Amino acid sequence: MLDDDELAAQAAAGNVDAFGSLFTRYARDVYRLALSLGHRRSDAEDLMQDTFVAALEGVGRFEGRSSVRTWLGAILIRQASRNRRYHRLRATEALDETAAAVGTGLRDERRLDVHAMLDSLSAEHRTVLVLRELQGMSYDEIAEALSIPRGTVESRLFRARNMLRERYQEYQTGRSRSHPAVVGAPVESRHE
């Protein structure tokens, strides 16, 4: 079985089967990364396909300085950023309309929604958090994938974790006010 660098070199030389082997090895990881970055399943599938198309077009420029996994992650992040910029205006208009329609019918029930908490972070903070905590990438791999210094990775990760901690505390505080019997409130005994 060939290692990733050998497959990439063969793919760069035009061997479609070698690139197919890379696809088979990493399609699931790329798809999960797209989902982790907050994309719906259909969008994650499209993003995965865009990533591999871009990888096929750019495999000749792969120098092997990073792992294939890191290289594919960097491509996915660039593709996601392009897609986000492209759809930002239309999405903003749709969100405004949806918020106006939903805002009138909301109940005051709170529940922990990890995806919503991740979505509340900026793209830069969400990306480093997902790459580190969900994808298990090292600080150096993240820095390389995002083309930023390691110190920037560390500071974004620190800030992202703090923001999530704050949001979780807000969730807990709101939950204890709306459901006092659930968190921190005295419970009456039936035997008194």
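How much space lies in the second largest pocket? About 410 Å³. This is a predicted model, in which local features need pLDDT of at least 70, side-chain atom pairs count only at pLDDT 80 or more, and totals for chains, interfaces and linings use all residues. Residues are numbered from 1 along each chain as its sequence is written, and side-chain values use heavy atoms, with hydrogens and water left out.

**Pocket and cavity**

Of the 18 residues that line the second largest pocket, Arg61, Trp71, Ala74, Ile75 and Arg78 are the closest to its centre. H4 gives the largest share of this lining, 7 residues. H3, H4 and helix H7 (139–146) each supply at least two residues. By class, the lining has 6 nonpolar, 6 polar and 6 charged residues.

There is also 1 cavity of 30 Å³ or more. The largest cavity has a volume of about 90 Å³. Its lining includes Tyr26, Asp29, Val30 and Leu33, and also Arg69 and Met137. H2 supplies the largest share of that lining, 4 residues. By class, the lining has 5 nonpolar, 2 polar and 2 charged residues.

Some terms need their rules. On a 1 Å grid over the protein atoms alone, a cavity is a set of points where a 1.4 Å probe fits but cannot get out; a pocket is an open set with protein on both sides within 12 Å along at least five of seven lines; lining residues have an atom within 4 Å of a point. Grid points are joined across faces, edges and corners, and a volume is the space filled by probe spheres set on the points. Ala, Val, Leu, Ile, Met, Phe, Trp, Tyr, Cys and Pro count as nonpolar, Asp, Glu, Lys and Arg as charged, and the others, Gly among them, as polar. Helices are DSSP runs (H or I, at least four residues), numbered from the N terminus.

**Aromatic pairs**

The model has 3 aromatic pairs (ring centres within 6.5 Å; planes under 30 degrees apart are stacked, over 60 edge-to-face, the rest tilted; for Trp the six-membered ring is used). Phenylalanine 19 and phenylalanine 52 form an edge-to-face pair, 6.3 Å centre to centre, with 80° between the planes. This pair links distant parts of the chain: phenylalanine 19 sits in helix H2 (residues 16–36) and phenylalanine 52 in helix H3 (residues 41–58), 33 residues apart. Phe19, Phe23 and Phe52 form one aromatic cluster.

**Salt bridges**

The count comes to 7 salt bridges (a side-chain nitrogen of Lys or Arg within 4 Å of a carboxyl oxygen of Asp or Glu). The table gives some of them.

| Partners | N to O distance |
|---|---|
| Arginine 40 and aspartate 43 | 3.1 Å |
| Glutamate 63 and arginine 65 | 2.8 Å |
| Glutamate 154 and arginine 150 | 2.7 Å |

Arginine 40 is exposed, with a relative accessible area of 58%. Aspartate 43 is partly exposed at 29%. Glutamate 63 and arginine 65 are exposed. Why are glutamate 154 and arginine 150 separated by about one helical turn? Because they are 4 residues apart in helix H8 (residues 150–178). Salt bridges that share partners join Asp140, Arg150 and Glu154 into one network.

Note on methods. Buried < 20%, exposed > 50% of the residue type's maximum accessible area, 1.4 Å probe, protein only.
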